Amino acid sequence: PEKDVDGFTPHSVGLMTLGLPSYKPATPYGILKMLQRYHIDTTGKRCVVIGRSNIVGKPIGIMLGQNKTIGNCTVTILNTHTPNIEQYTREADILIVAVGKPRMVTADMVKEGAIVFDVGITRVADDSSKGYHLEGDVDFDSVAPKASWITPVPGGVGPMTVTMLLYNTL
């Protein structure tokens with residue numbers, strides 16, 4: 001456990017869940033650091049997470065729900081089987097999407113002024129020299145004008161994941 005820089009072992013997850021010192025999963029930790037760096041007040045905010053993975057969805061929900069400076073959110077965790085998902089997303093002050101479905105979240109699903117973290121990344125085939133391009137779970141072009149803050153794919157949460165993994169290692 002003392003070498004679990006990914007923060008994925010049951011020991012690390014247990015410590016993180018209890019709010020005790022531990023290695024935190026890199027992607028959720030990167031999201032917390034962005035919120036901290038840009039002085040985004042999370043206290044009392046409604047946070048909706050789409051995705052229930054053990055790597056992103058569950059940990060970020062736990063972390064943002066804790067009684068900490070970056071936390072104190074009311075968190076709802078959804079999944080791709082949640083009916084009428086837009087009912088929840090339209091009420092989100094902070095929306096975190098991590099399901100791996102390209103452009104799943106569109107502008108009509110997002111509250112004006114919301115903070116949007118697009119964690120999803122999918123290779124979509126195209127005619128380019130690489131044969132694909134990367135797309136996030138959020139339709140960036142339509143959502144960006146409504147959002148007060150939004151992360152792009154690629155180049156948003158991904159580099160923070162790497163950074164926090166290196167931070168944990170250091």
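View 1. Glu91 is partly exposed, with a relative accessible area of 43% (buried is under 20%, exposed over 50% and partly exposed in between, with a 1.4 Å probe and protein chains only). This is a predicted model, in which local features need pLDDT of at least 70 and side-chain atom pairs count only at pLDDT 80 or more, while totals for chains, interfaces and linings use all residues. Residues are numbered from 1 along each chain as its sequence is written, and side-chain values use heavy atoms, without hydrogens and water. Glu91 forms a salt bridge with Arg46, with 2.4 Å between the closest N and O atoms (a salt bridge is a side-chain nitrogen of Lys or Arg within 4 Å of a carboxyl oxygen of Asp or Glu). Arg46 is also partly exposed, at 36%.

**View 2. The salt bridge of Arg103 and Glu135.** The N to O distance in this pair is 3.3 Å. Arg103 is partly exposed, with a relative accessible area of 44%, whereas Glu135 is buried at 14%.

**View 3. The salt bridge of Asp93 and Lys111.** The closest N and O atoms of Asp93 and Lys111 are 2.6 Å apart. Lys111 is partly exposed, at 30% relative accessibility. A search of the whole structure finds three salt bridges.

**View 4. The largest nonpolar core.** This core has 26 residues (a nonpolar core is a set of buried Ala, Val, Leu, Ile, Met, Phe, Trp, Tyr and Cys residues joined through side-chain atoms within 4.5 Å). Ile31, Leu64, Ile96 and Phe117 have the most contacts inside it.
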